[in-house]
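I took the rings first.

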Amino acid sequence: MIDETVYSTLRIEAERDEIRRLVVGAVIVSHHRVLILRRRRSDFLGGRWELPSGVVEPGEALDEALAREVAEETGLQVTGISDYLGDFDYLTGEGARTRQFTFVADVDATGPVTLTDHDAHLWTRLSGEPPVSDEVRELLGRYEQRQRNPHDWSAYSGDNGA
């Protein structure tokens, strides 16, 4: 599990870097496949495959935002957050400096994926070329590396490998 101080550290770093918009993303894995969602063609970056993700509301904790966004976008309920994989920055269509924090989320996968903001979902293999951005592909590679070597944890995981 993630050390609770990770969330506040991430916010402090984003503020220091003058990031004005925070987004959380979830790597959800089942049977060695990761859940990705396709943006509607009419949306900004329409047709792109992405992780379940969304904007952190003012005053909302990062872990609460992640659980809310996963539920809203997929209908799945987050049961735990087991790792922080990293972040990447980008500009929105309106030019807002945005940082996406990506976490590994465990879900109660007893129900089907129910989409609200996307037009398709795919459980894709981690190996190979999932149809996602380079930034997301890098984070998925980090997840895969950590699965092969559980002691290769980020400084933010709260686990020093001992």
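**Entry 1**

I started with Tyr90, which counts as partly exposed at 29% relative accessibility. This is a predicted model, so I read each value as computed from it. I then looked up the ring partner of Tyr90 and found Phe88. The pair is tilted, with 6.0 Å centre to centre and 35 degrees between the planes. Is Phe88 buried or exposed? Phe88 is buried, because its relative accessible area of 14% falls under the 20% cut-off.

**Entry 2: the other rings**

I asked how many aromatic pairs the structure holds. I noted three. One of them joins Tyr84 and Phe103. I wrote down 5.3 Å centre to centre and 55 degrees between the planes, a tilted pair again. Where do the two residues sit in the chain? Tyr84 belongs to strand β6 and Phe103 to strand β7, 19 residues apart, so I logged the pair as a link between distant parts of the chain.

I checked burial next. Tyr84 has 2% relative accessibility and counts as buried. Phe103 has 0% and counts as buried too. I also found Tyr7 joined to Tyr84 and Phe103 by ring pairs, which makes a cluster.

**Entry 3: the sheet**

I turned to the strands. Which order do they take? I read β5-β1-β7-β6, an open sheet of four strands with mixed pairing. The edges are β5 (53-55) and β6 (77-91). Each has a single partner strand, so one side of each is left without a neighbour in the sheet. I noted an average twist of 25 degrees from one strand to the next.

Strand β1, residues 21-27, runs antiparallel to β5, and three bridges join them. I picked out Val23 in this region and found it opposite Val55 in β5. As a reminder to myself: strands of a sheet pair through backbone hydrogen bonds, either parallel or antiparallel.

**Entry 4: the helices**

What does helix α1 touch in the sheet? Helix α1, residues 5-16, packs on the sheet and touches β1, β6 and β7 (97-108). I noted about 165 degrees between the direction of α1 and that of β7.

Helix α2 covers residues 62-74. I found α2 lying across β1, β5, β6 and β7. Its direction runs at about 65 degrees to β1.

Key. Residues numbered from 1 in each chain as written. Predicted model: local features only at pLDDT ≥ 70, side-chain atom pairs only at ≥ 80, totals over all residues. Heavy atoms only, no water. Pairing = 2+ DSSP bridges. Axes fitted to C-alpha atoms, helices over the stretch in contact; angles between N-to-C directions. Contact = heavy atoms within 4.5 Å. Phe/Tyr/Trp six-rings, centres within 6.5 Å; stacked < 30°, edge-to-face > 60°. Buried < 20%, exposed > 50% of the residue type's maximum accessible area, 1.4 Å probe, protein only.
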